[in-house]
Every structure is written in C-alpha cells, then in structure tokens.
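Dear colleague,

I am handing over the structure below, and my notes on it follow. Please read them beside the model.

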Amino acid sequence: MRVLVVEDERMLADAIAEWLREETHAVDLAHDGEAALERIAVNDYDVVVLDRDLPRVHGDEVCKELVASERDARVLMLTAAAQLDDRVTGLSLGADDYLPKPFAFPELAARVLALGRRSRPAVPPVLRRSGITLDPARREVFRNGRFVPLSKKEFAVLAELLRAAGSVVSAEQLLEKAWDEHADPFTGAVRLTILKLRRKLADPPIVETVPGVGYRIP
C-alpha cells in the first residue's frame with residue numbers, strides 16, 4: 001500500500017516509515033501540514049498517518065481538507081493528547097482511527113493494514129487466486145502449498161495484482177502503490193520486479209503481460 005506519514009518529530013517519522021517499509025508498504029514523509037497537503041494533492045494514498053499537532057497547517061485542518069477532497073485515503077490520527085474529548089474531536093473531523101502517543105509499532109502497523117483494506121473495495125484478509133495464497137499480516141506467500149520467499153517489492157507487487165481480482169494493473173499503478181515518491185517512473189523497476197516474481201512463482205507462468213496495458217493474474 002501507499003502510505004503518507006505526517007509527523008514533525010523527524011526521528012519518530014523516520015522510525016514509523018522504517019517500520020512500515022518493513023511491512024512492505026511504500027512510504028512518503030511530510031514534516032508539516034503544508035507539505036502534507038502538497039503530497040496529498042498529487043499522490044493517491046491508501047492511508048495517511050497524521051500527527052495532530054503540526055506546524056504551518058494544523059493536523060486538524062489537514063484532516064478536514066483530506067475528507068473534503070473525497071479521496072479514498074483513510075486517516076490514522078496520532079497525538080499525545082489521549083483524553084476522551086481529544087479522541088472524539090479527532091474522529092469528528094473525519095479521522096478513521098485514533099492512536100495516542102506513546103504507541104507500539106506493531107499496533108500502528110496493524111491499524112494501518114486494517115485501514116488500508118477499508119480504503120478499497122472489500123477484499124478478504126488473505127488473498128487467494130490461481131493457486132496463490134498471500135497473507136498480508138504474516139507476509140507469507142504460497143503457490144499450490146509451496147512457500148515462495150519474496151522481497152518486499154515483489155510481495156507488494158503481487159499483492160496489488162491479487163487485489164485486482166483478474167483485472168489488468170498498469171505499470172504506473174504498480175509504481176504508485178509499491179514504490180515511494182522518490183521512484184523514477186522511467187526506470188524498468190516494475191518490469192524487473194515482475195520478471196523476478198515470475199521466476200520465483202515458477203511454472204506454469206501465472207503473471208500475464210497485456211501488451212501496452214499492464215499485468216494481470218487471470
């Protein structure tokens with residue numbers, strides 16, 4: 001999934017991003033509300049992890065503008081204020097979930113995963129298609145009962161193809177969901193990852209190329 005982490009404490013922001021990248025998500029960072037709104041305007045995020053007390057533009061305003069934009073991104077609001085009134089206020093602004101600081105990284109990752117599932121058409125927690133089983137929570141992939149070890153990018157690309165439920169996914173869509181904003185759209189990163197994925201999934205070939213359109217798992 002594509003995640004935006006908005007946190008002005010840079011060490012904490014980096015730690016959150018590192019943890020989520022280990023969970024195979026593509027993560028962008030913003031350290032103030034203004035930068036967050038700029039990224040939200042140009043990128044399609046599944047989840048926004050949003051600190052409430054931000055410089056330049058307050059997190060409450062970022063949340064309200066995101067909700068008003070009618071984008072599909074879900075908001076996980078972070079704050080040091082853990083009182084009931086603060087949680088109610090955050091949720092009333094349109095946040096989908098609320099996590100007080102300090103928090104445990106595994107819990108944050110689990111909440112991000114749960115929100116990500118809600119940002120798209122409903123899909124089962126474990127993805128299955130054409131003999132492939134992918135468990136996002138355990139980060140495990142099996143083909144016809146055989147464990148398939150995948151890199152983070154291979155796992156992320158396969159997850160996007162499975163979520164498409166047989167529809168074609170373009171290289172641009174894969175780049176958007178599995179890579180962060182620093183990815184060069186003119187590289188062959190998607191094609192190379194697909195080649196490695198095919199090799200690891202073994203025969204018979206399961207990932208189809210639709211010339212000029214993209215890729216799919218029928």
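Helix α6 (residues 152-163) packs against helix α7 (residues 171-178) at an angle of about 125°, and their axes lie 10 Å apart. Axes here are lines fitted to C-alpha atoms, for helices over the stretch in contact, and angles run from 0 to 180 degrees between N-to-C directions. α6 and α7 are therefore oblique to each other, given that angles under 35 degrees count as roughly parallel, over 145 as roughly antiparallel, 65 to 115 as roughly perpendicular and the rest as oblique. In this pair, K153, A156, V157, E160 and L161 of α6 meet L174, K177 and A178 of α7, where contact means heavy atoms within 4.5 Å.

Please keep in mind that this is a predicted model, in which local features need pLDDT of at least 70 and side-chain atom pairs count only at pLDDT 80 or more, while totals for chains, interfaces and linings use all residues. Residues are numbered from 1 along each chain as its sequence is written, and side-chain values use heavy atoms, with hydrogens and water left out. Helices (H or I, at least four residues) and strands (E, at least two) are DSSP runs, numbered from the N terminus.

Strand β8 (residues 140-143) runs antiparallel to β9 and is joined to β9 by 2 bridges, and R143 stands opposite R146 in β9.

The other sheet to look at is an open one of 5 strands, with parallel pairing and the order β2-β1-β3-β4-β5. Because β2 (26-30) and β5 (97-100) stand at the edges, each with a single partner strand, one side of each is left without a neighbour in the sheet. On average, neighbouring strands of this sheet are turned by 20° against each other, direction ignored. Strand β4 (residues 74-79) runs parallel to β5, with 4 bridges joining the two, and L78 stands opposite L99 in β5. Helix α1 (residues 10-22) lies across β1 (2-6), β2 and β4, and runs at about 170° to β2.

Terms used: Two strands pair if DSSP finds at least two bridges between them.
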